Amino acid sequence: QGIPRLEIPAAPTRSSAAMSTNIYDAHFKEGHKVKTVKDVEADKFIAAFAQHLKRQGRFEIPKWADVVKTSRAKELPPCNPDWLYVRTASMVRKVYIRGGSGVGAFRKVYGGQQRRGTC
């Protein structure tokens, strides 16, 4: 009742990049005025900005990115082949919203607790 939901139409011929951009554009054609990053929902901004970074081509994903883990506590690498763009977009958003974040803050946000075999 209180929060309107965005319905995503199923389009098997479209790529996920086009779909995320179309959802982003459709959301702001409804008359919303965007002034800052804080006015956009986090998941929509991160998806759209990750696609923007990928289209820019300013940095490439390293060859080892498909086998590297993102944390000591993880067992497998990320499933998304563009995980580096998504992580970068997420970090850009964090820096914009909360400036002055250091390595320790990102470690706390993106890290996890490793289980060392004890209960």
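This report describes the helices, helix packing, salt bridges and selected residues of a predicted model.

**Overall make-up**

The protein chain contains 4 helices and 0 strands, and its pattern along the sequence reads α-α-α-α. Of the 119 residues in the protein chain, 18% are buried. Among contacts with a separation of 6 or more, 48% join residues 24 or more positions apart.

**Packing of H2 and H3**

Two packed helices are described by the angle between their axes and the distance between the axes. Helix H2 covers residues 42-56, and helix H3 covers residues 83-97. The axes of H2 and H3 are 8 Å apart, and the two helices pack at an angle of about 120 degrees. H2 and H3 are therefore oblique to each other, and their crossing is right-handed.

On the H2 side, the residues that meet H3 are Ala-42, Phe-45, Ile-46, Phe-49, Ala-50, Leu-53 and Lys-54. Their counterparts in H3 are Tyr-85, Val-86, Thr-88, Ala-89, Ser-90, Val-92 and Arg-93.

**Packing of H3 and H4**

H3 also packs with helix H4, which covers residues 103-110. The axes of H3 and H4 come within 12 Å and cross at roughly 125 degrees. H3 and H4 are therefore oblique to each other, and the crossing of H3 and H4 is right-handed. From H3, the contact is made by Arg-87, Ser-90, Met-91, Lys-94 and Val-95, and from H4 by Phe-106, Val-109 and Tyr-110.

**Residues of H3**

Ser-90 lies in helix H3 and is listed both among the H3 residues that meet H2 and among those that make the contact with H4. With 13% relative accessibility, Ser-90 counts as buried, because the cut-off for buried is under 20% relative accessible area. Apart from neighbours within four places in sequence, Ser-90 is in contact with Ile-46 and Tyr-110. Ile-46 is one of the H2 residues that meet H3, and Tyr-110 belongs to the H4 side of the contact with H3.

Lys-94 is also in helix H3. Its relative accessible area is 33%, and Lys-94 is partly exposed. Leaving out neighbours within four places in sequence, Lys-94 touches Ser-101, Phe-106, Val-109 and Tyr-110. Of these, Phe-106, Val-109 and Tyr-110 are the H4 residues in the contact with H3. Lys-94 and Ala-105 are 11 residues apart in sequence, with a C-alpha to C-alpha distance of 9.8 Å.

Trp-83 has its place in helix H3 and is buried, with a relative accessible area of 15%. Beyond its neighbours within four places in sequence, Trp-83 is in contact with Ala-65, Val-68, Thr-70 and Pro-78. Trp-83 and Ala-65 are 18 residues apart along the chain, and their C-alpha atoms are separated by 8.7 Å.

**Salt bridges**

Side chains of opposite charge can pair when their charged atoms come close. A search of the whole structure finds 2 salt bridges, and the table lists them.

| Lys-54 | Asp-82 | 2.8 Å |

Lys-54 forms its salt bridge with Asp-82. Lys-54 lies in H2 and Asp-82 in the loop between H2 and H3, so the pair ties together parts that are 28 residues apart in sequence. Lys-54 counts as partly exposed at 39% relative accessibility, while Asp-82 counts as buried at 17%. Lys-54 is also one of the H2 residues that meet H3.

**A buried arginine without a salt bridge**

Arg-93 lies in helix H3. Arg-93 is buried yet has no salt bridge. The nearest side chain of opposite charge is that of Asp-43, 8.1 Å away.

Setting aside neighbours within four places in sequence, the contacts of Arg-93 are Val-37, Ala-42, Phe-45 and Ile-46. Ala-42, Phe-45 and Ile-46 are among the H2 residues that meet H3, and Arg-93 is among the H3 residues that meet H2.

Definitions and conventions. Residues numbered from 1 in each chain as written. Predicted model: local features only at pLDDT ≥ 70, side-chain atom pairs only at ≥ 80, totals over all residues. Heavy atoms only, no water. Buried < 20%, exposed > 50% of the residue type's maximum accessible area, 1.4 Å probe, protein only. Lys, Arg positive; Asp, Glu negative; His and termini not counted. Salt bridge = Lys/Arg side-chain N within 4 Å of Asp/Glu carboxyl O. Contact = heavy atoms within 4.5 Å. Axes fitted to C-alpha atoms, helices over the stretch in contact; angles between N-to-C directions. Parallel < 35°, antiparallel > 145°, perpendicular 65-115°, else oblique. Left-handed = near helix turned anticlockwise from the far one by under 90°.
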